[in-house]
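Please open the structure in your viewer and keep the selection tool at hand. The stops below say what to pick next and what is to be found there.

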Amino acid sequence: MVTSRAYMTNGRLGEGLEQVRAEVARLMSGFIANGAQTVEPAALLPADILIDLYGEDLRARAYTTHDPVAGELMLRPDFTVPVVQMHMANGALAARYAYAGSVWRRQEQGSERPNEYLQAGFELFDGHDPAADDAEVFAVMATVLGDLPVAPITGDLGLVIDAIEALDTNAHRKAALRRHVWRPARFERLLQRYARPPTFSAERAQLLGAVRDGSILEFVEKSGAAQGIRTVEEIVARAEVLAAEKATPPLSKAAVALVSGVLDLKCTMAEAARGLRKIAPMLSAAATQLEARTEALSNAGIDVSSLPFEASYGRKTLEYYDGFVFGFRAVARPDLPQIAQGGRYDALTRVLGNGKGIPAVGGIIRPEALLALKGDTP
Amino acid sequence: MSILKLGLPSKGRLQEQTIDWFAARGVIIERTGSGREYAGRVLGFEDIELVLLSAGEIPKELATGRIDLGVTGQDLVYEKIPGWKGKVVELAAMGFGQADLILAVPVNWLDVENIDDLDAVAAAFRAKHGFRLRIATKYHNLVREFLQGHGVADYQLVDSQGATEGVVKNLTAEAIADITSSGETLRANHLKTLHDGLILRSQATLYAGLDVCKHVGKKAILVQMLDTLGLAIPSELSR
């Protein structure tokens, strides 16, 4: 229907539209009351920076168009990246932002999900008290959602990153695992591979032999015409990494159990720090952070004894959350997406700020999904 | 009177083999007019209209229902019709036009045998060169889906509509994903396939648009033709 929009059959005309506008305004004023200034990023964004950040997979999820002058452009798939860019361009001091507008996502054939929907969001840039900032963003979202029948959930993708860092293995393996935190299947395969003695093809054994006897450069040069911009030196360097890898002892069962244990940690927010200390005593800094966050949430009026915590929650979403994450799900409406979600993305600000980052945490609400839920709730 | 439109490749070896395939099963397709004229007919089936098209156009024409049946490669259907199962059905794999869509890298990449290696090299390449490892292809959807399924990161696809094997030498990509039948062109261009880099094994296939049986007249013609060919009506069409 021409008047329908995401999750609403009549939201583009008359009363339906008024309802959408009023809801967006209500959310925005909630964010502004919390000290946010409003921002309005462009709807058409340069594709290169988004692709560079999210990878080729984004092309399957975002709309791309081509401009003869500006080159490849994308219809805004989310607000976080342009908001971070604006913030970084402005000198990267502490700030809070509020925004609302459409995002566009390509959907698979047969999918019921909308390809255009509204987001209203709140982003907080500050580094002084991360725990308080996490709690503030969560509490702002909880407050504007009021007494709607939504179930919150929290997580922390920083824990698995910390667990990888604590492994007794080489830097190369740690980097490889960290790189695939957001791709669970590949992560699991890597972890299993590192846990058993390596096996090699005959060709690979020859290559490693050439590293061992110092003839590797010659061996690679003899193998075929060098072509392309990946140099013989890069090939030799990777062969050396492979040789070092061969000499690295497999991860112990305890190490694998540590990573899996952290990923599987499920309890309430109130129990999270204690649970982490129990399965991973060496992650005491992370546990202390969890305690600080739990206390900050409690101070913000959140009941942490009933707030669920799952360490790997949010792992399959866009790969920029690297700390606290949260979501609010409509319990009685499994057909709706999460009504609100968000998290911490410190590393993203470093990437977009060319190494100069500022700790950041934020969240979005889907106003149309929220209204659809309100419509069910007398 | 109803007309069933059958799309065939407009020229070349694929067309010859298609005509032979039908002939071997008792359906004679005749080219009419001069050899260069894109026209023909199916003997004994006055109500089948032959449409000669480039094999690359046939998937789209099938998906939109402008033709009812068509012969083309599975690679083209899977690449060009997102969610193809909801739009077309395979009536018969025809046993020719075999082509494998594969991932290939330079032969002197002795450190790369499989997708795990490619993924690791992509990370190192990006760190060193400041951009994602480029894979040239014209099969963007198939290749992206395959690499995403394997959890490969730090790559980008660059478009190459022809002579893809030459891109590495021309410095426009580091690896390729392309169709090969014998592998000769790959070898001549100093490329090798990855052990687990087979993305798709494709062959020429007779397809029907899913809507063809919604039309009683068309269905009758299709049933008659499939009967002559010795093929059953697939369940997707009889629903």
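Is B:Leu171 buried or exposed? Select it before reading on, and bear in mind that this is a predicted model. B:Leu171 has 11 other C-beta atoms within 10 Å, and therefore counts as exposed. Its place is the loop between strand 9 and strand 10 (175–180) of chain B, and its phi is near 65 degrees, a positive value in a residue that is not glycine.

Stay in chain B and move to B:Asp154, in the loop that runs between helix 5 (140–149) and strand 9 (155–159). Here too a residue other than glycine has a positive phi, near 60 degrees.

Now colour by chain and zoom out. Chain B, with 8 helices and 12 strands, has C-alpha atoms that fill a box of roughly 65 × 40 × 25 Å along the principal axes, and 42% of its 239 residues count as buried. Chain A has 15 helices and 12 strands, its C-alpha trace spans about 80 × 55 × 45 Å along its principal axes, and buried residues make up 39% of its 378 residues.

**Where chain A meets chain B**

Next, select the residues of chain A that are in contact with chain B: there are 33 of them, and they meet 29 residues of chain B. On the chain A side, at least two residues each are supplied by helix 6 (171–179), helix 7 (184–194), helix 8 (202–212) and helix 10 (232–247). Helix 10 of chain A gives the most to this side, with 5 residues. Coloured by class, the side of chain A that touches chain B shows 12 nonpolar, 9 polar and 12 charged residues.

**Two helix pairs in chain A**

Hide everything but helix 6 and helix 7 of chain A, whose axes come within 9 Å and cross at roughly 160 degrees. Since angles over 145 degrees count as roughly antiparallel, helix 6 of chain A is therefore roughly antiparallel to helix 7 of chain A. The contact is made by A:Arg173, A:Ala176 and A:Leu177 from helix 6 of chain A, together with A:Phe187, A:Leu190, A:Leu191 and A:Tyr194 from helix 7 of chain A. By class, the residues of this contact between helix 6 and helix 7 of chain A are 6 nonpolar, no polar and 1 charged. The crossing of helix 6 of chain A past helix 7 of chain A is left-handed.

Then switch to helix 8 and helix 10 of chain A, where the axes come within 9 Å and cross at roughly 95 degrees, which means that helix 8 of chain A is roughly perpendicular to helix 10 of chain A. On helix 8 of chain A, select A:Leu207, A:Leu208, A:Val211 and A:Arg212, and on helix 10 of chain A, select A:Ala239, A:Glu240, A:Leu242, A:Ala243 and A:Lys246, which together make the contact. This contact of helix 8 with helix 10 of chain A has 6 nonpolar, no polar and 3 charged residues.

Nonpolar side chains tend to be buried together in soluble globular proteins. The largest nonpolar core here has 128 residues, of which A:Val262, A:Leu276, B:Ile135 and B:Ile176 touch the most other members. Its largest share, 6 residues, comes from helix 4 (residues 130–145) of chain A. Apart from this core lies another, of 32 residues, including B:Val51, B:Ala63, B:Trp84 and B:Leu206.

Centre the view on A:Leu276, which, leaving out residues up to four places away in sequence, touches A:Leu159, A:Leu265, A:Leu283, A:Ala286, A:Ala287 and A:Leu290.

**A last stop on a strand**

Finally, which residues does A:Glu72 touch, not counting those up to four places away in sequence? They are A:Ala47, A:Asp48, A:Thr64 and A:His66. A:Glu72 lies in strand 4 (residues 71–75) of chain A and, because it has 13 other C-beta atoms within 10 Å, is partly exposed. To end, draw a distance from A:Glu72 to A:Leu157: the two are 85 residues apart in sequence, and 32 Å apart in space from C-alpha to C-alpha.

Terms used. Residues are numbered from 1 along each chain as its sequence is written. Chains are lettered from A and ligands numbered from 1 in the order in which they are written. This is a predicted model: local features need pLDDT of at least 70, side-chain atom pairs count only at pLDDT 80 or more; totals for chains, interfaces and linings use all residues. Helices (H or I, at least four residues) and strands (E, at least two) are DSSP runs, numbered from the N terminus. A residue is buried if 20 or more other C-beta atoms lie within 10 Å of its own, exposed if 12 or fewer, and partly exposed in between; C-beta atoms are placed from the backbone. Two residues are in contact if their C-beta atoms, placed from the backbone, lie within 7 Å. Ala, Val, Leu, Ile, Met, Phe, Trp, Tyr, Cys and Pro count as nonpolar, Asp, Glu, Lys and Arg as charged, and the others, Gly among them, as polar. A nonpolar core is a set of buried Ala, Val, Leu, Ile, Met, Phe, Trp, Tyr and Cys residues joined through C-beta atoms within 7 Å. Axes are lines fitted to C-alpha atoms, for helices over the stretch in contact, and angles run from 0 to 180 degrees between N-to-C directions. Angles under 35 degrees count as roughly parallel, over 145 as roughly antiparallel, 65 to 115 as roughly perpendicular and the rest as oblique. A crossing is left-handed if the near helix is turned anticlockwise from the far one by less than a right angle, and right-handed if clockwise.
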